[in-house]
Amino acid sequence: MSCTCLRPSWLEGLMLSLSENHGASAPSFAAGNQKDSLSGFSPQPANRKVAKTSGKTLIKNGFLYAADINNTVIENAWILVEGDRIQAIGNMADPLPEAEHHVDASGKLLLPGFVNPHWHESFVAPNHEKPDDSDLVPTAYSNGGNIEALGSMFGFISTVGQKLTLNEGIAIARWSMWTQLRSGTTALGDVGSANTADAMATAAIDLGMRLRVSRWGSDIMIPNGASKYKTIANTQAQTDDWVELLERWHNHESGLIGGMPSVMGAFGSSDEQLMALREIASRYDAPYATHLAPLKNEREAVRGVFGLTPVQRFDRFGLLTDKLVAVHTAYASEEEYARLIETGVNICHAPAHYGMLGETTMSETGQLGRFLRDGVWVSSSTDGDITFTGGMCEAMRGAHLGHNEAQNCNTACPPTLALKTGSLFGAKALGWLDRIGSLEAGKQADIVMVDIDDYRYQLGNHPLRTYLVTGSSHDVDSVMVAGDWLVRDKKSTRFDEQALFADYQQAVESARARIGRPS
Ligand SMILES: [Zn+2]
């Protein structure tokens, strides 16, 4: 069953707004010329050099959750940071190490930087939402999913990034990523965006955060009830973009950026595109991503055209590996479920987003919760939207409450496991497990401090639970990435937030005026 009346949701709104001018093209990116071409937008990070701290920093008196394999929790902890690394972690009862800088984390949680492996930069899209819900009709994700509508939207959006100028792309990406960094996300995985890899990687480096860049891969669509697909984009052009972004950004010297080619899903890619994805990911030894078996109606639609289910298609092309990030994987058969576990695919979900769009990804099959209960490292993510609809705090809350409810058991996803879905497991999915994802000596110093000094925490023994259940992205006080403080006292150490937003507004105004508005 699927609904044909569609509310302009984020993707739909974007398609609507851009559909008037398919031909608009952006000036091409000149390698090595990013900074020079930024005229018109605010430009350089204001205090870039000031943020770097030399010498050792001792963060002390915090309530630490390490999110490591051993589930280490230290009620009154210290962390010693030197350069970009965590040198040691200890209890305040133990002797304190020497340090040049001291940071008091009293009344704060100390958590690893949150990792969000599935995100789409989409802030160029206009927002037509009515505040009284008077425009509300089911989205294309509702009622099992309208595969035709989604396919044509995804194909169209695969072209949007190329219609932005580099300046616009950077300004939009900076604001978009700032909302994630401000919320404690230190590493993002782009699973295809309405922006370009060049703009997003540049913005991430400016902000100081980690990013695996991608490009939106989608070259076909499947009309409802059809036995043949329709080609809607140039496969070779999208393949060339993957190669170009990997050449430029994979294992980038900044230490912050890598590549992650992605396709939208089994219903949006030709065989040629899936083969190209496998070949390129393997050539560059890069993680790669897709939405895999995310909607009930997708299974029959894909089988009707290819004679294989979504999971079988990926298996056929050798794409089920431990380098694959598979998102929303709720509709696999028993056999496919076993195959996904056997091949070590990284399962990822966006538990706080399903309710917004009317998807039933967690509760209908219970498969995502079952993966967790079977010990699979299911990561949490925010997915993408056209406005800030939550960071990793909200995603981890969705995992904790959603799986416990759907599995009818309070041990399905306890708070410490929910935290790992938003840190350790995401780090593995992005191929950065050796570097980030937990607070451990030897790892990079990606640290989040959260305010817990208020009425909500007075009667509890479990501040992580209280944070996940009653807290929000806004409670994040400070964020460190690789030893650099990027957020202190809820403010960027590199940018003025208002200036970032003004740049964003200027960029979307010029972009939308050029590429068309909804009729
Ligand atoms: Zn997604």
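The crossing of helices H4 and H5 is right-handed, a crossing being right-handed if the near helix is turned clockwise from the far one by less than a right angle, and left-handed if anticlockwise. The model is a predicted one, in which local features need pLDDT of at least 70 and side-chain atom pairs count only at pLDDT 80 or more, whereas totals for chains, interfaces and linings use all residues. Residues are numbered from 1 along each chain as its sequence is written, and side-chain values use heavy atoms, with hydrogens and water left out.

Two packed helices are described by the angle between their axes and the distance between the axes. The axes of H4 (residues 197–207) and H5 come within 10 Å and cross at roughly 25 degrees, which makes H4 roughly parallel to H5 (angles under 35 degrees count as roughly parallel, over 145 as roughly antiparallel, 65 to 115 as roughly perpendicular and the rest as oblique). The contact, meaning heavy atoms within 4.5 Å, is made by Ala197, Asp198, Ala201, Thr202 and Ile205 of H4 and by Leu245, Arg248 and Trp249 of H5.

Helix H5 (residues 235–249) also lies beside helix H6 (residues 271–284), their axes coming within 10 Å and crossing at roughly 15 degrees; H5 and H6 are therefore roughly parallel to each other. H5 passes H6 in a right-handed crossing, and the residues in contact include Trp242, Val243 and Leu246 of H5 and Ala276, Leu277 and Ile280 of H6.

A contrasting arrangement is found for helix H12 (residues 392–406) and helix H15 (residues 463–470), whose axes come within 8 Å and cross at roughly 105 degrees, so that H12 and H15 are roughly perpendicular to each other. Cys393, Met396, Arg397, His400 and Leu401 of H12 meet Arg465, Tyr467, Leu468, Val469 and Thr470 of H15 in this contact.

Key
Axes are lines fitted to C-alpha atoms, for helices over the stretch in contact, and angles run from 0 to 180 degrees between N-to-C directions. Helices (H or I, at least four residues) and strands (E, at least two) are DSSP runs, numbered from the N terminus.
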